[in-house]
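Work through the exercises below with the sequence and the 3D structure open beside you. Try each task before you read its solution.

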Amino acid sequence: MTPGETITGSTIDAGYGSYNSQLVFQIDATQLQVDTSLVKVGTMLAMGNGMEVRVTKIEEDGEKLMWTLDGNHPLAGASYEVDVRLDAVEEAPSHWEYVGDGDEKKSSSKYEVATFGLGCFWGGEL
């Protein structure tokens, strides 16, 4: 793209991954040791393995009380349709400036550079 160019109707992923039909399953709630009257469609439950599931359907089947559970994020498979306009392309900072205790340096750039070290069990957010 060049400055001033517009793209309309572009589809982007919402960021929650694809919908996985293998994470949808049914259980017979009469086999559980819970007060089933407290559970409604939309209720979030924690499974024994730590996975959270959402109750998407409740139906009686003879003597069974069948719950359909969905382990997908509610926005899994969602996407957005966006219009994008590139206003400008600007220079990034030309060098790294390390800032330590007491010897802070000021950059002439209006942008700053941040470096994050993350491990396999940490999530980074800005």
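**Exercise 1. Find the salt bridge partner of Glu 59 and give the distance between the closest N and O atoms.**

Solution. Step 1: recall that a salt bridge is a side-chain nitrogen of Lys or Arg within 4 Å of a carboxyl oxygen of Asp or Glu. Step 2: the partner of Glu 59 is Lys 57, with the closest N and O atoms 3.9 Å apart. Step 3: classify the two residues, where buried means under 20% relative accessible area, exposed over 50%, and partly exposed in between (1.4 Å probe, protein chains only). Glu 59 counts as partly exposed because its relative accessibility is 31%. Lys 57 is partly exposed as well, at 43%.

The model is predicted: local features need pLDDT of at least 70, side-chain atom pairs count only at pLDDT 80 or more, and totals for chains, interfaces and linings use all residues. Residues are numbered from 1 along each chain as its sequence is written, and side-chain values use heavy atoms, with hydrogens and water left out.

**Exercise 2. How many salt bridges does a search of the whole structure find?**

Solution. Step 1: the search finds three. Step 2: one of them joins Asp 70 to Arg 54, with 3.5 Å between the closest N and O atoms. This pair links distant parts of the chain, since Asp 70 is in strand β5 and Arg 54 in strand β4, 16 residues apart. Strands are DSSP runs of E with at least two residues, helices are runs of H or I with at least four, and both are numbered from the N terminus. Step 3: the side chains of Arg 85 and Asp 87 also meet in a salt bridge, at 2.6 Å from N to O. Arg 85 and Asp 87 are both exposed.

**Exercise 3. Is Asp 70 buried or exposed, and which residues does Asp 70 touch?**

Solution. Step 1: Asp 70 is buried, because its relative accessible area is 3%. Step 2: list the contacts, where contact means heavy atoms within 4.5 Å. Leaving out residues up to four places away in sequence, Asp 70 touches Tyr 19, Leu 23, Val 24, Glu 52, Val 53, Arg 54 and Thr 56. Step 3: the side chain of Asp 70 also makes a polar contact of 2.8 Å with the side chain of Asn 72. A polar contact is a pair of N or O atoms within 3.5 Å; within protein, one must be able to donate a hydrogen and the other to accept it, and residues adjacent in sequence count only if both atoms are side-chain atoms.

**Exercise 4. Describe how β4 pairs with β3 and with β5.**

Solution. Step 1: two strands pair if DSSP finds at least two bridges between them. Step 2: β3 (residues 44-46) and β4 (residues 52-61) run antiparallel and are joined by three bridges. Ala 46 stands opposite Glu 52. Five residues lie between the strands of this hairpin, and Gly 50 takes a positive phi near 95 degrees. Step 3: β4 and β5 (residues 64-70) are antiparallel too, with seven bridges. Lys 57 stands opposite Thr 68. This hairpin has two residues between its strands, and Gly 62 in the turn has a positive phi of about 70 degrees.
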